[in-house]
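Subject: Structure handover

Hello,

Here is the structure for you to look over.

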Amino acid sequence: MCPFYGISQMCNFDTDIGTEELAHLEMVSTIIHQLTKGLSMEEIEKSGLGPYYIDHTVGVWPQAAGGIPFNACEFQVKGDPVTDLHEDLAAEQKARSTYDNILRVVNNTPEVADPIRFLRAREVVHFQRFGEALRNVQESLDAKNFYAFSPGFDAPVICPPNAK
Ligand SMILES: [Fe+2]
């Protein structure tokens, strides 16, 4: 058995969650499109979307709620599975907290709240899966030494094709 079996198992696991996250982006973008489609100039101004409208009309342009544009800095990777899984766990909790905040703001409007509740539930599942992956990785390493080196670089494991 590969001493880093837990790391090999992560290959497909990461791809599955990554694919699902892109689908989440599509869902959120669709919600934004539906909420902004056909707005009058008065509605745009009253809602505080004036500056956004000037730059993007009502096109969906990914940015944080505070206006910071989406960029590659949103993706963190260190190349160390233990480090990266902790980052993933934090990211899932930050996503859940963001969905909690959105749910408070949308006042239970079902067209928005229902899909956001679904997305929130998925982030909880992702958090649990990343926790399992972290335990698998740590159990596959020398438990006394998994902080002594970077298992992704110092003892690299190549993902086998069709790893499950
Ligand atoms: Fe997630």
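Below is what turned up, starting with the overall layout.

This is a predicted model; local features need pLDDT of at least 70, side-chain atom pairs count only at pLDDT 80 or more, and totals for chains, interfaces and linings use all residues. Residues are numbered from 1 along each chain as its sequence is written.

**Overall layout**

The protein chain has five helices and zero strands. Its elements run α-α-α-α-α from the N terminus. Helices (H or I, at least four residues) and strands (E, at least two) are DSSP runs, numbered from the N terminus. Of the 164 residues, 13% count as buried. Buried means 20 or more other C-beta atoms within 10 Å of the residue's own, exposed means 12 or fewer, and partly exposed is in between, with C-beta atoms placed from the backbone. Among contacts with a separation of 6 or more, 75% join residues 24 or more positions apart. A contact here is two C-beta atoms, placed from the backbone, within 7 Å.

**The α4/α5 pair**

Helix α4 covers residues 81-105 and helix α5 covers residues 110-140. They pack at an angle of about 165°, with their axes 9 Å apart. Axes are lines fitted to C-alpha atoms, for helices over the stretch in contact, and angles run from 0 to 180 degrees between N-to-C directions. α4 and α5 are therefore roughly antiparallel to each other. The cut-offs: under 35 degrees is roughly parallel, over 145 roughly antiparallel, 65 to 115 roughly perpendicular, and the rest oblique.

By class, the contact of α4 with α5 has 17 nonpolar, four polar and seven charged residues. Nonpolar covers Ala, Val, Leu, Ile, Met, Phe, Trp, Tyr, Cys and Pro; charged covers Asp, Glu, Lys and Arg; the others, Gly among them, are polar.

**Core**

The largest nonpolar core has five residues in all: L85, F130, A133, V137 and L141. The largest share, three residues, comes from α5. Such a core is a set of buried Ala, Val, Leu, Ile, Met, Phe, Trp, Tyr and Cys residues joined through C-beta atoms within 7 Å.

**Two loop residues**

Which backbone angle stands out at T57? Its phi is near 50°, a positive value in a residue other than glycine. T57 lies in the loop between α3 (50-56) and α4. T57 counts as exposed because it has 10 C-beta neighbours inside 10 Å.

N107 also has phi near 50°, positive in a residue other than glycine. N107 sits in the loop between α4 and α5. With 8 other C-beta atoms within 10 Å, N107 is exposed.

Best wishes
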